[in-house]
Amino acid sequence: MEALRDPGRPGGILAAVGSRLLGEEQPAHSGRARAGFASLPPELGVHVDRLRDRLGAAEAFEVLFSRWAEEHARQVEVTPAPVASLMCALVGSAGTAAPNSVLDPACGTGGLLLEAAKNGAACLLGQETQPDLAEITNVRLRLHGYHDVNVATGDSLLGNVHAAERVGGVVCNLPFGQRDWGRSELGYDTRWTYGLPPKGESELAWVQHALAHLDDGGRAVLLMPAAAASRSSGRRIRAELVRRGTLRAVVALPSGSASAHTFGAHLWVVQPCDEPFSHDVLFVDTGLLPEAAPAGRTASTDWEAVHTAVSAAWRCFQEGAALEPSFCSAVPITDLLDEEVDVTPSRHVRTFPGDAVDLVALEEDRNRWRQTLAGLADRLPAVREVPLAAPQVLVPLEDLIRSGALRMWRGSSSREAPEETVSQVPLVSLNDGLSRIPPSRQTYVTEAERLREGDVLVFAGSPQGARPADQREYGAAVGQGITVLRPERESLDSWFLAGALTGGPGVGRSGTTTGATGRPSRLDPGRLFLPVRELDEQRRIGRAFQDIARFDEVLDEVADRGHRIARHLADALAAGLAGPVNDDRRG
């Protein structure tokens with residue numbers, strides 16, 4: 001909804017919406033005066049009331065929250081639901097149920113606390129530097145029926161409101177890359193039992209903060225940037241975490257799991273340990289799971305399979321049972337305490353079990369890869385030169401829209417919620433669509449706004465990335481930054497439309513408008529042109545575009561599989577499990 005936009009205070013209006021859904025005139029637990037809160041415009045209040053009557057208070061808030069989160073994606077980090085689910089599973093003693101009390105010291109909009117509550121946590125504690133986000137967490141949890149909630153405002157490192165609290169679990173998508181996290185003020189803080197974190201290691205300050213809040217037997221699961229596992233400045237503290245048996249596991253998440261962590265994200269499982277403790281650390285590299293790194297650009301992470309595999313590995317590790325060696329391993333702490341103390345999973349997970357490698361299977365994989373590579377050229381469509389007797393006739397998209405041959409709409413988290421019958425459907429965000437991963441959230445739209453076969457998607461206003469919707473996107477809605485083009489099937493072929501936008505004459509003319517950053521922001525149908533073709537000719541050209549797209553996908557698939565084979569070969573050579581064959585051609 002347009003009224004939810006508030007650039008200066010991205011959460012102010014939404015917090016007020018939550019309070020209205022709770023039947024309160026203003027946020028109840030903030031301790032601030034009424035004048036300090038964003039006022040709710042009367043027309044928005046009426047709309048919120050109608051949405052509550054139709055969906056219920058909790059679902060109404062989630063609808064508005066989903067659209068608000070999409071609108072403010074660059075300002076507010078929201079932990080993806082599959083990652084939150086895995087974190088809350090690992091923090092529980094049985095691998096599924098969460099502890100009775102859970103703290104999130106940088107709770108943002110409350111996604112992790114909400115997931116912990118759904119997993120059985122009864123007492124929920126949180127702290128957040130932005131007052132509006134803290135209030136969003138508060139009202140969100142209460143709207144879902146969880147009332148033993150204490151969400152405070154402030155910086156957990158510099159002003160720890162919950163200093164006296166000890167909990168059974170801590171879950172946190174912690175702030176990363178903080179340069180001014182308070183090191184000079186906190187030099188003698190009692191939380192630094194593993195060492196005073198260097199200025200550039202704010203993440204290790206958050207790790208120790210989490211540990212300080214755990215009761216006996218408590219555990220913390222923290223979403224960390226991958227760089228924290230190997231930076232030289234953090235080596236001494238990592239060594240202490242390993243030496244004392246506190247670092248229990250490091251899980252490398254699938255690529256793209258957390259948008260804020262461009263260069264990868266890990267889960268650290270930490271737990272204060274008294275003697276006796278396990279002398280191993282569990283390392284899990286989900287990138288070795290076929291479900292987490294499927295070949296081909298249209299394939300996506302099977303999060304259910306990843307969740308099952310990681311949870312099973314953690315359970316086996318706790319019970320001392322045998323691990324599946326293809327993606328995880330238990331490494332003695334003595335092997336980790338070297339000059340680097342690098343706890344990156346990919347360095348410690350061997351791709352071959354035991355003391356032997358199946359060279360027959362490896363050779364079979366290599367032969368299949370070679371055959372696929374050899375057949376790539378056959379996938380390209382054959383083309384012929386078409387002499388142009390006259391310049392091509394071009395038609396602007398705007399004229400096609402006016403004639404009814406094409407319908408266009410833009411996805412937006414701020415669009416008005418319809419008054420007619422709506423359905424809850426998956427929401428394809430800009431990141432989902434560009435990464436070709438399944439929709440990550442839900443929203444409510446009318447039937448007319450749901451994607452179907454033949455729809456063409458344009459991302460961030462750039463026609464060069466246009467493509468027809470994937471089958472798994474059918475029935476979903478689109479979020480901000482995505483434009484949908486729906487051709488009339490008896491007038492315009494969707495593959496012809498997408499292909500012409502991607503590489504045809506329309507690209508030679510500006511089809512987008514740009515924002516303040518100079519990057520494309522929205523598609524302008526009056527400035528983008530398509531060549532005029534008869535429908536039968538469109539379909540023939542469209543099939544060729546489809547073949548080219550499939551060739552591109554197979555090319556990615558071949559590259560992905562080739563990288564895996566190369567890694568397996570390198571691991572076998574490095575481990576001394578295989579040796580090179582003498583080759584006279586190399587002299």
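1. Helix α1 (residues 12–21) packs against helix α2 (residues 42–55) at an angle of about 50°, and their axes are 10 Å apart. That angle makes α1 oblique to α2. The crossing of these two helices, α1 and α2, is right-handed. It should be kept in mind throughout that this is a predicted model.

2. The contact between α1 and α2 draws on I13, V17, R20 and L21 from α1, and on L44, G45, V48, D49 and R52 from α2. Sorted by class, the contact of α1 with α2 comprises 5 nonpolar, 1 polar and 3 charged residues.

3. A second pair is formed by helix α3 (residues 57–71) and helix α6 (residues 131–143), which pack at an angle of about 145° with their axes 9 Å apart. The crossing of α3 and α6 is left-handed. On the α3 side the residues are A57, A58, F61, E62, F65 and W68, and in α6 they meet L133, I136, V139, R140 and L143. The class count for the contact of α3 with α6 is 9 nonpolar, no polar and 2 charged residues.

4. How do α11 and α15 lie relative to each other? The axes of helix α11 (residues 359–374) and α15 come within 10 Å and cross at roughly 155°. The two helices, α11 and α15, are therefore roughly antiparallel to each other, angles over 145 degrees being counted in that class. The crossing of α11 and α15 is left-handed.

5. As to the residues involved, α11 contributes L362, D365, R366, W369, T372 and L373, which meet V554, V558, R561, G562, I565, H568 and L569 in α15. By class, 7 nonpolar, 3 polar and 3 charged residues make up the contact of α11 with α15.

6. Which residues lie nearest the centre of the second largest pocket? They are R467, P468, W495, A498 and A549, out of the 38 residues that line the second largest pocket. The class composition of this lining is 13 nonpolar, 11 polar and 14 charged residues.

7. The volume of the largest cavity is about 30 Å³. The residues that line the largest cavity are L90, A249, V251, V269, L282, V284, V310 and W314. Two or more lining residues of the largest cavity come from each of β6 (247–252), β8 (280–285) and α9 (303–319).

8. What is the class composition of the lining of the largest cavity? The lining of the largest cavity has 8 nonpolar residues, with no polar and no charged residues. The lining of the second largest pocket, for its part, includes 11 polar and 14 charged residues.

Key: Residues are numbered from 1 along each chain as its sequence is written. This is a predicted model: local features need pLDDT of at least 70, side-chain atom pairs count only at pLDDT 80 or more; totals for chains, interfaces and linings use all residues. Side-chain values use heavy atoms; hydrogens and water are left out. On a 1 Å grid over the protein atoms alone, a cavity is a set of points where a 1.4 Å probe fits but cannot get out, and a pocket is an open set with protein on both sides within 12 Å along at least five of seven lines; lining residues have an atom within 4 Å of a point. Grid points are joined across faces, edges and corners, and a volume is the space filled by probe spheres set on the points. Helices (H or I, at least four residues) and strands (E, at least two) are DSSP runs, numbered from the N terminus. Ala, Val, Leu, Ile, Met, Phe, Trp, Tyr, Cys and Pro count as nonpolar, Asp, Glu, Lys and Arg as charged, and the others, Gly among them, as polar. Axes are lines fitted to C-alpha atoms, for helices over the stretch in contact, and angles run from 0 to 180 degrees between N-to-C directions. Angles under 35 degrees count as roughly parallel, over 145 as roughly antiparallel, 65 to 115 as roughly perpendicular and the rest as oblique. A crossing is left-handed if the near helix is turned anticlockwise from the far one by less than a right angle, and right-handed if clockwise. Contact means heavy atoms within 4.5 Å.
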